[in-house]
Amino acid sequence: MNRVYEQHKSSVFDTDANIVSLSVYLIPLLGNFMTLGIISWVFPLVLLFVEKKSPLVYFHAVQSLVMQVVVTVFSIVSFIMTVISAGSSFLLGFNVFGAIGAAGIFSLISLVINGIMIALEIVGIIKAYGWEAYYLPFFGTFVQKFTKE
């Protein structure tokens with residue numbers, strides 16, 4: 001149930017709505033590369049409260065916020081599991097390579113999930129630039145509950 005919008009302005013700096021829409025994916029993506037991933041959900045959240053005119057910006061802000069919250073929660077859980085697995089390996093008498101291996105499993109899973117999230121953010125950027133409200137895989141059904149699409 002994707003929808004393509006006509007060109008219109010956003011209430012944020014009176015900018016084209018597609019530029020503001022793609023920024024809700026681009027700014028958190030760049031933030032993740034600058035190790036600011038834990039606060040990457042702030043920008044989409046701010047846009048939810050600031051945007052008054054554009055349903056396209058609202059849609060992409062909700063979708064990006066959901067993605068960023070999921071990534072943040074997953075990153076925290078993954079970090080905790082990595083620390084626990086490495087620490088328990090030492091406590092159980094494994095050598096340093098056992099601890100690295102146990103922690104490496106969670107790091108590898110985290111790497112794969114983050115790669116998928118980067119790909120989804122790039123798709124979101126492309127669709128937002130094309131004025132399209134596109135439901136991303138894994139998040140679309142949840143986002144539908146919060147948007148009028």
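Predicted model: local features only at pLDDT ≥ 70, side-chain atom pairs only at ≥ 80, totals over all residues.
Local features were considered at pLDDT of at least 70 and side-chain atom pairs only at pLDDT 80 or more, whereas totals for chains, interfaces and linings use all residues. Residues are numbered from 1 along each chain as its sequence is written, and side-chain values use heavy atoms, with hydrogens and water left out.

The structure holds one aromatic pair, where pairing requires ring centres of Phe, Tyr or Trp (its six-membered ring) within 6.5 Å, and planes under 30 degrees apart count as stacked, over 60 as edge-to-face and the rest as tilted. The ring centres of phenylalanine 59 and tyrosine 135 are 5.0 Å apart with planes at 85 degrees, so the pair is edge-to-face. Because phenylalanine 59 lies in helix H3 and tyrosine 135 in the loop between S2 and helix H5 (140-144), the pair ties together parts that are 76 residues apart in sequence. Helices (H or I, at least four residues) and strands (E, at least two) are DSSP runs, numbered from the N terminus. Phenylalanine 59 is buried at 0% relative accessibility, and tyrosine 135 is buried at 11%, buried meaning under 20% relative accessible area, exposed over 50% and partly exposed in between (1.4 Å probe, protein chains only).

Glutamine 68, in helix H3 (residues 55-91), is likewise buried, with a relative accessible area of 0%. Leaving aside residues up to four places away in sequence, glutamine 68 touches Pro28, Asn32, Ser40, Trp41, Pro44 and Glu121, contact meaning heavy atoms within 4.5 Å.

Most residues other than glycine have a negative phi.
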